[in-house]
Amino acid sequence: MNTSDRDRDGLLMRYFDGTISPQERTALNTLLLEDADARALLREIVEQAVAMGDLARERAHASPRVLSERMRSPVRWRMSLAWAAIAAVVLMAGAAALWFLQGPVSEVVTLEQISGAVTLSTDSGPAQNGLQSGATMRAGTLSVEGSTSSAHLRFIDGTSLTLSGESELALTGETQKRMTLRRGSLNADVRTQKPGQPMRILTSTAEIEVVGTRFQLSTNSGSTTLSVESGHVRMRRLADGSVVDVRQGEMSLATLETTNSLESSRMLLAPTTFRQTFEQAPTVLWRGTWLPADNQGPGRLQQVPDVSDKKSDGVPRVNYAVCVQDHSGSMVSVGPESVLRVRFRAARGNDVLILFSLRNPKGGFAGNFQTIIKPDSSDWRTFDIKLSELKAGFPEHPAIAVDSRVTLIYLACFSPKSNLEVSEVAIEPSPSGSQPLGSAKPERKVGDAQ
Amino acid sequence: MPLAQEEIVKTLLSSRMRVLASLWVIVRDAPAAEDIFQNVTVKALAGETRFAREAELISWAHVTARNEALNWVRAKRSQAVALDTAVLEMLEREWARDSAHGGADRVEALRDCLAALPAASRRVLELRYFDERSCAHVARESGVGIDAIYQRLSRLHRALKKCIERRLAGESARVEMEAS
């Protein structure tokens with residue numbers, strides 16, 4: 001080995017060891033960019049290191065008594081459990097496949113109410129768009145697209161589920177209710193199930209078992225949140241198999257992290273005021289393109305496309321929206337006297353939809369409420385409205401109850417050229433100041449709300 | 001027709017060693033690399049991104065893994081110490097192109113080659129890669145300087161490479177060390 005090889009090897013080893021200096025790192029980057037042999041050596045060393053990691057794990061599983069101290073560390077255990085999570089996910093995928101491969105199905109589900117873009121996919125034919133309320137299904141996958149879309153399902157025994165927002169639910173159609181919530185959020189009102197046949201819902205991180213209760217379930221790739229309105233629900237964390245019983249008024253969160261025990265807690269208290277400006281980029285709960293302050297206006301969110309509905313041929317109808325979605329129930333608590341303030345602008349002649357989605361404090365769906373504003377110019381404007389003045393979207397939820405929790409605030413136009421931008425969204429518990437709502441402010445040149 | 005969950009799992013597991021290798025280059029921490037790979041798998045299964053073909057999924061997995069690994073490095077360390085993105089992308093391309101190195105066969109060949117090593121050499125590799133000790137720790141345990149450990153590890157990796165190639169070609173496991 002010549003001096004040049006020795007220098008190269010030294011650089012690589014110091015990089016892997018974490019002792020490389022900034023100057024050496026620069027030299028190593030240059031070397032790797034220019035020298036294919038150096039890259040090949042790096043790849044070889046890395047592949048050997050990864051393979052030795054696998055052999056170490058194999059040895060640890062085969063001979064637990066001879067584990068080194070490092071192998072007994074929490075980090076190592078966490079890794080083992082992480083693989084348990086992968087195994088669980090693999091099992092979940094396999095189980096889902098098996099469910100769909102099973103024989104004749106018996107349970108008919110009625111799609112009682114469809115709102116927005118809802119698609120049904122089954123093994124027996126092409127995806128069905130443009131579903132009408134009253135349609136029935138047995139097994140298949142329901143996809144709800146767009147922040148404001150929803151699907152209300154009812155089983156023969158009276159059990160009902162409401163899927164809302166960007167959600168996807170796969171049902172097996174068996175007598176025992178078994179389903180996979182792949183993403184999104186559902187509210188469930190479950191009738192008492194037959195002995196030994198609880199309803200089961202799988203997510204990427206948890207499995208829940210329900211005998212008869214009302215609850216709300218939200219999931220994404222890394223976590224599942226369960227809130228129980230009445231009765232109790234058993235939740236099992238897939239990563240380590242630990243189980244918790246979540247009772248009325250409680251919630252629990254199951255992630256892939258297993259260093260903390262799986263527990264239930266009282267549902268979160270929500271503030272009665274809320275204010276969001278966009279001088280800084282907002283959290284990922286918000287949808288919209290963030291623009292920093294400039295000579296066009298303050299920091300703001302600009303509209304992004306959001307599917308509102310689908311035609312029967314599958315072509316989506318699109319809104320152009322700025323919105324925030326949070327199913328935890330902790331964003332803000334509102335009542336009929338609460339006042340919404342929005343500062344926004346949109347191209348003249350474009351209607352602006354403002355929509356709220358609510359849940360009750362125990363987790364159940366509590367309705368959508370909306371209004372449409374007709375701006376008469378493209379200037380920045382501030383619009384205030386008491387929530388009781390919003391129009392109910394669901395007849396079974398005609399009014400806003402005290403301590404309703406906001407899960408969605410949605411502002412949208414209906415044209416890609418509407419240039420909707422929002423710089424502030426705020427909620428106060430009741431009208432403040434001496435000015436009545438609707439009174440003129442320099443910016444408030446807003447037409448009538450419908 | 002997007003890939004089904006079973007196809008996603010199968011594809012990711014078949015690419016696991018390669019994705020783990022590209023992660024290890026960045027994080028140089030085996031448990032962290034495993035955790036990130038697991039997160040990528042769960043993300044892929046969550047269905048937020050649809051994959052029409054396996055190649056699309058593998059490409060997505062590499063990019064997602066790289067971004068998560070870089071975030072991990074940024075969160076853990078006070079200064080950026082990962083390789084430049086251009087280098088990482090070049091390595092990923094070469095890993096994707098070089099599909100001859102099968103995962104399971106290679107691990108088996110490595111197992112045989114490790115068994116054929118002298119005990120002292122095997123001990124150095126076990127401390128470094130099985131127990132994840134730093135090179136300074138390995139040097140102390142071995143009673144030599146850290147540069148000597150760097151050189152010894154380099155020679156061992158070269159020797160193992162030749163041994164693995166021989167083993168994959170059907171020959172017996174034989175480790176021939178270079179002269180110092």
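Mentor: Let us begin with a definition: angles under 35 degrees count as roughly parallel, over 145 as roughly antiparallel, 65 to 115 as roughly perpendicular and the rest as oblique. Please note that this is a predicted model, in which local features need pLDDT of at least 70, side-chain atom pairs count only at pLDDT 80 or more, and totals for chains, interfaces and linings use all residues. Residues are numbered from 1 along each chain as its sequence is written, while chains are lettered from A and ligands numbered from 1 in the order in which they are written.

Trainee: Why are helix 3 of chain B and helix 4 of chain B called oblique to each other?

Mentor: Their axes come within 9 Å and cross at roughly 135°. Axes are lines fitted to C-alpha atoms, for helices over the stretch in contact, and angles run from 0 to 180 degrees between N-to-C directions. The two helices are therefore oblique to each other. Helices (H or I, at least four residues) and strands (E, at least two) are DSSP runs, numbered from the N terminus.

Trainee: Which residues of helix 3 of chain B and helix 4 of chain B make the contact?

Mentor: Among them are Ile36(B), Phe37(B) and Val40(B) of helix 3, and Leu57(B), Ala61(B) and Trp72(B) of helix 4. Two residues are in contact if their C-beta atoms, placed from the backbone, lie within 7 Å. By class, this contact has ten nonpolar, two polar and two charged residues. Here Ala, Val, Leu, Ile, Met, Phe, Trp, Tyr, Cys and Pro count as nonpolar, Asp, Glu, Lys and Arg as charged, and the others, Gly among them, as polar.

Trainee: What makes helix 1 of chain B and helix 3 of chain B roughly antiparallel to each other?

Mentor: They pack at an angle of about 155°, with their axes 9 Å apart. Helix 1 and helix 3 of chain B are therefore roughly antiparallel to each other. Gln5(B), Ile8(B) and Leu12(B) in helix 1 meet Thr41(B), Ala44(B) and Leu45(B) in helix 3, a contact with four nonpolar, two polar and no charged residues.

Trainee: What is the relation of helix 2 of chain B to helix 3 of chain B?

Mentor: Their axes come within 9 Å and cross at roughly 130°, and the two helices are therefore oblique to each other. The residues that meet include Leu20(B) and Trp24(B) in helix 2, and Ala33(B) and Phe37(B) in helix 3. This contact has ten nonpolar, no polar and one charged residues.

Trainee: How many residues does each chain give to the contact between chain A and chain B?

Mentor: The contact takes 51 residues from chain B and 51 residues from chain A. On the side of chain B that touches chain A, the largest share, eleven residues, comes from helix 3 of chain B. The residues of that side divide into 27 nonpolar, ten polar and 14 charged.

Trainee: What makes strand 7 and strand 8 of chain A a pair?

Mentor: Two strands pair if DSSP finds at least two bridges between them. Four bridges join strand 7 to strand 8 (residues 206-210) of chain A, and the two run antiparallel. Leu202(A) stands opposite Glu207(A) in strand 8, and the two strands form a hairpin with three residues between them. Strand 6 (residues 178-190) of chain A is joined to strand 7 (residues 199-202) by three bridges, and these strands run parallel.
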